[in-house]
Amino acid sequence: MAADEAYVHDILIIGGGGAGLRAAIAAATTSSRLSIAVLSKVYPMRSHTVSAEGGAAAVMRDDDSLDTHAKDTIFGSDFLADQDAVEVFVNEAPGEMIQIEHWGCPWSRDPDGRVAVRPFGGMTVDRTLYAADKTGFHMLHTLFQTSLKYDSIVRYDEWFATSLLVEDGRVAGVAAINLHNGEVRAITAKAVIICTGGAGRVFPFTTNAAIKTGDGMTLAYRAGVPLKDMEFMQYHPTGLPGTGILMTEASRGEGGYLKNKDGYRYLQDYGLGPETSTPVHRKMELGPRDILSRCHMQELAKGRTFEGPDGHYVHLDLRHLGEKVIDKKLPFVRELVRNYVGIDPVYEPIPVRPVIHYTMGGISTDIEARTPLAGLYAAGEAACVSINGANRLGSNSLTELLVFGARAGRAAARAAQEAPAPKSNPIAQLVSDERRRLERRILKADGRERIADIRETMHKAMEEGAGIYRDRAGLEKTCQTLRELRERFDRIGLADRDPVFNTEVVAALELDSMLDVAAAVAQGALLREESRGAQARTDFPKRDDARFLKHSLAYHTPDGPRIEYAPVTITRWPPEERKY
Amino acid sequence: MPDETITLEVTRYRPGHDREPRSQSFTVPYRKDWVVLDALNYIKDRIDGTLSYRWSCRMGVCGSCGMMVNGVPKLTCAAFLRDFQPGPVRVEPLANFPVVRDLVISLDDFMEKLLRVKPWIIRQTEKPVAEGEHRQTPAQLEVFKQFSMCINCMLCYAACPVYAMHPGFIGPAAAALAYRYNLDSRDEGYRFREPVLNDSVGVWECTFIGECSVVCPKGVDPAAAIQRSKVAGAQDWAKSMLMPWRGRS
């Protein structure tokens with residue numbers, strides 16, 4: 001095929017993780033006549049879904065109800081979730097769990113052969129399905145392997161999408177670099193679904209894999225689609241100091257304790273008590289992530305945390321669970337702690353501290369996964385429907401990527417059957433413009449600024465100004481630093497000019513994305529003068545429904561993000577004080 | 001920065017430009033909590049931005065960062081510098097694969113083989129979602145669970161002497177995954193995978209050296225999967241001719 005010719009498909013999915021693969025299968029089963037492409041900067045089985053540990057929530061048992069799952073989710077979101085979206089989510093969750101079970105997901109089982117469920121933070125009932133503590137790994141590989149049986153799904157493995165091609169106000173595909181030969185090509189489609197996951201890498205200390213740089217979010221953002229609620233970045237209370245490796249919430253669901261340096265279960269001092277020896281839903285260690293992360297910082301302020309070479313930490317104590325339970329329910333935790341900390345959690349408590357884990361915000365979509373740009377859809381962590389609002393409950397995200405991945409796939413399939421094919425002339429022009437832009441800004445960049453320096457400064461600015469606790473002065477400083485970094489990025493230099501597997505080009509593109517995402521996070525946080533869920537402003541410590549029971553929408557402008565607001569959909573659960 | 005350092009000898013190679021691979025030495029700070037991947041990231045960020053390698057999760061589950069470390073296939077995110085002191089540490093691309101560039105190998109052959117073993121649930125009739133889950137007891141799960149733990153990191157192929165000699169060999173990971181689905185109580189696809197496993201470059205080539213199981217970072221034991229598939233292949237040949245859809249509860 002000539003270098004100027006486009007690859008042509010009906011549906012193009014950017015990202016081959018859980019949401020992207022679920023979308024691909026949903027599209028393939030909607031119509032076998034559609035040509036579906038999955039493009040990813042990595043092979044699908046490398047996607048970050050693979051790292052999810054604890055489980056996936058759905059109402060599977062008689063002691064549970066859809067309303068309870070909805071209420072827990074909305075309450076956990078600090079009432080910023082859209083309640084119609086949450087209702088769709090909890091309704092479709094059980095079917096998605098059964099579907100992936102039929103596809104072979106090795107769910108852990110009860111003795112009678114039913115899929116087992118475990119307790120999780122912020123949930124009032126045991127409703128989290130799990131595959132030991134490698135749930136994301138098993139879901140991802142099940143989806144990937146299942147996707148292989150559909151001839152209509154083709155893959156572009158190790159391609160990096162650099163921009164959306166938009167024609168007459170409608171998305172018509174992407175320009176992307178084939179990392180194996182450096183070619184920039186157009187891949188056209190009548191519908192495009194972005195499933196590229198979150199952007200935890202804008203922070204220095206994160207559970208997120210290296211690839212979580214928000215590239216898909218910026219694709220949409222730069223094409224005029226708003227990013228919703230970006231100020232809400234979730235800290236997970238239990239990551240390993242230094243590496244940031246996740247110690248799953250299931251460790252606490254199975255009964256693990258959090259203890260300060262005096263061996264005291266400190267969560268009882270923050271309204272989460274009383275202390276009990278076995279886990280009680282929504283109490284103590286099963287409180288929600290935003291609150292537990294703040295409790296850690298309070299303990300730090302009181303001088304009751306440990307201090308190690310990688311900073312402050314507390315103990316996650318699993319010893320009382322015993323070797324048998326740990327090996328059966330938390331084998332990965334044991335493996336990780338042995339490998340990366342060099343201790344055995346059967347005999348010693350695990351050092352943990354809060355660590356950036358999840359991007360609640362994302363590409364603004366409706367409940368059909370549609371964005372405001374015609375033909376463009378998004379699902380999974382890259383998207384913000386929003387079911388997570390200001391704070392996601394643990395084990396809702398794996399479910400979300402199935403429910404909304406499938407919705408996106410079906411909606412895109414319907415749209416692709418009706419939409420016109422992109423025209424080749426404008427496409428050729430668009431992709432040659434993009435080629436020139438890339439050459440100027442990245443491929444032949446010969447300035448003096450180094451990628452690693454800009455990235456490090458961004459990390460520092462985000463941690464200092466936009467971390468667990470925020471205030472105006474800190475956020476203004478962070479926003480200012482990010483503006484300076486944006487200018488410095490224009491002067492970067494790359495040493496690598498080789499077209500084949502040029503990972504320096506990838507790093508530059510990723511940094512370019514992260515700078516945009518970081519600015520949206522910080523600007524949203526600065527303008528939201530209240531505390532809600534993951535946004536904790538020391539200068540505005542209360543939730544302010546009168547001013548901020550609203551979604552923020554960040555729009556891309558040459559001068560940085562412009563923030564607008566949109567109403568939250570309330571159906572049956574009027575906002576109340578969020579107390580556990 | 002600590003004063004102590006360690007030297008890495010890293011393979012550089014660009015097929016099409018370089019006649020042959022060469023080794024380049026880099027001296028990096030030594031930290032006892034650093035893995036080989038941390039050292040490579042240091043090189044990339046601070047010394048030579050042109051070094052090419054794959055990585056992502058840095059917690060041993062995405063399977064991206066497999067390389068030869070002092071001649072042994074390893075996940076570099078789980079290979080601590082302290083275990084190779086005082087160095088130098090030799091870092092090479094995974095053996096037995098074509099090199100794309102430096103430490104990046106081509107996965108094309110594995111991806112094709114993975115497809116060939118049909119690694120998905122095959123049933124004569126699909127159960128509708130409305131009818132609920134398949135019941136599967138913990139014991140039935142246990143039968144195949146170990147073989148479902150493969151992260152496709154390719155260390156087993158790099159260690160496999162049969163694959164080195166016969167690139168047509170289906171190989172440890174793909175064979176283990178075929179076996180995983182064959183053992184799953186929900187699956188009825190044995191007869192479709194069996195020909196792939198039993199053809200001339202299939203499991204019969206494996207001489208049970210077991211290097212694959214030694215290097216597997218996830219305890220999958222592909223060697224056992226291959227040996228047991230051979231036994232099953234011999235026993236079930238007649239049965240599969242008589243009962244194409246193996247009856248299962």
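Select chain B, which holds 9 helices and 7 strands; helices (H or I, at least four residues) and strands (E, at least two) are DSSP runs numbered from the N terminus. The model is predicted: local features need pLDDT of at least 70 and side-chain atom pairs count only at pLDDT 80 or more, while totals for chains, interfaces and linings use all residues. Residues are numbered from 1 along each chain as its sequence is written, and chains are lettered from A and ligands numbered from 1 in the order in which they are written.

With chain B still selected, its C-alpha atoms fill a box of roughly 70 × 40 × 30 Å along the principal axes.

Next, display chain A together with chain B: 41 residues of chain B are in contact with 44 residues of chain A, a contact being two C-beta atoms, placed from the backbone, within 7 Å. On the chain B side, select helix H1 (36–47), strand S6 (99–101) and helix H3 (138–145), each of which supplies at least two residues. H3(B) gives the most, with 3 residues.

Finally, move to chain A and select helix H13 (residues 472–489) and helix H14 (residues 503–527), whose axes come within 9 Å and cross at roughly 155°. Axes are lines fitted to C-alpha atoms, for helices over the stretch in contact, with angles from 0 to 180 degrees between N-to-C directions. H13(A) and H14(A) are therefore roughly antiparallel, the term for angles over 145 degrees. Residues to highlight at this contact include A:Leu475, A:Leu482 and A:Phe489 of H13(A), and A:Leu511, A:Leu515 and A:Ala522 of H14(A).

Notes. Parallel < 35°, antiparallel > 145°, perpendicular 65-115°, else oblique.
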